[in-house]
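Dear colleague,

I am handing over the structure below, and after it I set out what was found in it. Please read the notes with the sequence and the model side by side.

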Amino acid sequence: MQFHHHGYVSGDPRIQTAAGTGVDRPEELPGEVDVLIVGSGPAGMLIAAQLAQFPDITTRLVERRGGRLELGQADGIQARSVETFQAFGFAERIIAEAYWLTEMNFWRPGEENPKNIVRGGRAVDDATGISEFPHLIVNQARVLDYFAEVAVNSPSRLTPDFGWDFQTLEVTDEGEYPVKVTLVRSAGPDEGTERIIHAKYVVGCDGARSKVRASIGCTLAGDAANHAWGVMDVLAKTDFPDIRTKCAIQSHDGGSILLIPREGGHLFRMYVDLGEVPEDDRGAVRKTSIEQIIAKANEIMHPYTVDVRSVAWHSVYEVGHRLTDRFDDVLAQDRGTRSPRVFITGDACHTHSAKAGQGMNVSMQDGFNLGWKLGHVLEGRSPESLLDTYSTERQVVAKNLIDFDKQWSTMMAKKPEEFANPTELEDFYVRTAEFPAGFMTQYTPSLLTSDDAHQDLATGFPLGKRFKSARVSRVCDTNALHLGHQATADGRWRIYVFADAAKPGAASPTTDLAQWLADAPESPLAATPQGLDADAWFDVKVIYQQRHEDIDINAVPEVFKPEVGPFELTDLEKVYGVVDGDDIFQTRGLSRDGVVVVVRPDQYVANILPLTATDELARFFTPLLKGQHV
């Protein structure tokens, strides 16, 4: 974390100085806003936290509830989400309070006595080291709290506007604020009062029954529900030995349970198989009582017992998989003729079972994908065409999620005798681990992602996939740290220059590239407006092949040591060497001739180029920089 470059800070450095819309921010909703976010779920709060970093943009978030969420239904936090939390600055704190999921155990009917379940196998959660972060279990409400903290501590001082229920909207295409939104006060002394808000853009994060989705004519389509599960968060006394380990439990004839230990050391969640739902059920299964769910759980757990002492929450749901054909308000036949004004995220555009632990995680990645794009367009960095990429990119991800969840939920509902072999469920869990961990997303070539012509220069950074961090040694203070952890969710592009073998100061392709980045009119850095810090739009870092003690920081080109803040102080924290025994060039398959790796503000690899490919680097950024004269 960097601070003091604007002057001495006495207090919490996470609280940024108020600026722009954050100065004297009005408590009441203004009649005109740049972005209106509807719903304070994971996607909504992430977008709010991201846009709060853009203080010249008026962003407001409305929520039907009268206050913060106290008990959320989602709880699984995949490693990709923890990487995202790191970018927003709270990964370390949420890891400390969460349950760490490091292993999954598989229970099945015993061979000698099938009426009794026995432990049949164990699987390590991340056997291949796909991330340096753990898989966590923590209540959704706490995730929202952390994003809320980021938003209110940002320059925009953004806080949710609770007690406003979205009714409908109309895209008029008239004036500067073409989206007319009708809200109704849902809490407080003026409950029932109607209010009209005019917005440039609206983002619907309002769940599976989304009114925003209905307002733009989108519908969820997919498979009908046909299998029911009871889910309960409970405190209980039990003799089941793996009560603090995630388990898939299959009984002989009683059904299945997915057991999820919760944070705090005592609470746990059970997804209890309630069986097939008859076609003429008419919702009767949803009336299953908590007593019936507990009884069913004990039947499945035999010979073990679960004596429930307290129920924090419970529900009954039927598995269904549904998806919208678009995530914005532009019809297929109109795509390319106008830019979207309304977007939907998360459950508003894709629904699936809860057992794969993907709902909150994928929703947050929807938000991360969209937030910075809105910021860049509204600030004038990028053209409106950037917004078309949201639906294009995320609809494919949601389709892949639903396909995976169909397989997982179907296997969880199988009877033991229906498996080809007893370890089939365990084998599937291990084989597909990368997907539920959040790392199978790979954006295809587009405006934002180049083709793979130079992929061989950086085999460990697959194009279109998230930038997988690795350790480096920061030259100025000799600290070994993760390179990816230095990239915060501030809306900036990252340009990582992995140097050739020459040392700083010597004539080399790295030196030539540094000169071009600093001085060439076609350099992307030239698009940064006058008056801003040199690194305000692009965070350029260099990683040399030498150890930190062999690098003369005074010989490093100035573009890697920008002057920042009102005192024009030199930022020395963008210069790195390799770590002994953990060379990033070897770990990530980087060419010893050097390579440039371009990473999007949402942490996905966008381009890989030789150090000499300045023309290609300029051409890549030309359509992304509004008014750029390349």
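Met1, Phe3 and Val9 make a nonpolar surface patch of about 290 Å². Patches here are made of residues with over 30% relative accessible area and no salt bridge, with like charges joined within 9 Å and nonpolar side chains (Val, Leu, Ile, Met, Phe, Trp, Tyr) within 5 Å, and the accessible areas come from the Shrake-Rupley method with a 1.4 Å probe, where for residues only the protein chains shown count as cover. Met1 is placed in the segment before β1 (32-38), and Met1 is exposed, with a relative accessible area of 68%; buried means under 20% relative accessible area, exposed over 50%, and partly exposed in between.

Before going further, please keep in mind that this is a predicted model, in which local features need pLDDT of at least 70 and side-chain atom pairs count only at pLDDT 80 or more, while totals for chains, interfaces and linings use all residues. Residues are numbered from 1 along each chain as its sequence is written, and side-chain values use heavy atoms, with hydrogens and water left out.

Turning to the sheets, seven strands form an open sheet of mixed pairing, in the order β6-β5-β14-β15-β16-β13-β17. Strands are DSSP runs of E with at least two residues, and helices are runs of H or I with at least four, both numbered from the N terminus; two strands pair if DSSP finds at least two bridges between them. The edge strands of this sheet are β6 (117-124) and β17 (306-318), each of which pairs on one side only, and the twist averages 20 degrees from one strand to the next, with axes taken as lines fitted to C-alpha atoms (for helices over the stretch in contact) and angles running from 0 to 180 degrees between N-to-C directions. Within the sheet, strand β13 (residues 227-238) and strand β16 (residues 268-276) run antiparallel and are joined by eight bridges, and Val231 stands opposite Tyr271 in β16.

Strand β10 (residues 179-185) has five of its seven residues buried, so this strand is largely enclosed by the rest of the structure. On one hand, strand β9 (residues 164-171) runs antiparallel to β10 and is joined to it by seven bridges, with Val184 in β10 as the bridge partner of Asp165. On the other, six bridges join β10 to strand β11 (residues 194-204), again in the antiparallel sense, and here Leu183 stands opposite Arg195 in β11.

Strand β23 (residues 493-498) is also mostly covered, with six of its six residues buried. In a regular strand the side chains alternate between the two faces of the sheet. In β23 both faces are covered, with Trp493, Ile495 and Val497 buried on one side and Arg494, Tyr496 and Phe498 buried on the other. Six bridges join β23 to strand β24 (residues 538-547), which runs parallel to it, and Ile495 stands opposite Val540 in β24. With helix α10 (residues 509-519), these two strands make a right-handed β-α-β unit; right-handed means that, with the strands pointing away from the viewer, the path from the first strand over the helix to the second runs clockwise. Strand β28 (residues 595-599) pairs with β23 in the antiparallel sense over five bridges, and Val497 stands opposite Val596 in β28.

Which charged side chains meet? A salt bridge is a side-chain nitrogen of Lys or Arg within 4 Å of a carboxyl oxygen of Asp or Glu, and by this rule the count comes to 49 salt bridges. One of them joins Asp161 and Arg60, whose closest N and O atoms are 2.9 Å apart; the pair links distant parts of the chain, with Asp161 in strand β8 (residues 161-162) and Arg60 in strand β2 (residues 59-63), 101 residues apart. Both Asp161 and Arg60 are buried.

Asp539 and Lys574 also meet in a salt bridge (2.6 Å, N to O). Asp539 lies in strand β24 and Lys574 in the loop between β26 (569-570) and β27 (575-578), so the pair ties together parts that are 35 residues apart in sequence. Both Asp539 and Lys574 are buried, and salt bridges that share partners join Asp490, Arg492, Arg494, Asp535, Asp539, Lys541, Asp571 and Lys574 into one network.

With best regards

Methods:
Buried means under 20% relative accessible area, exposed over 50%, partly exposed in between (1.4 Å probe, protein chains only).
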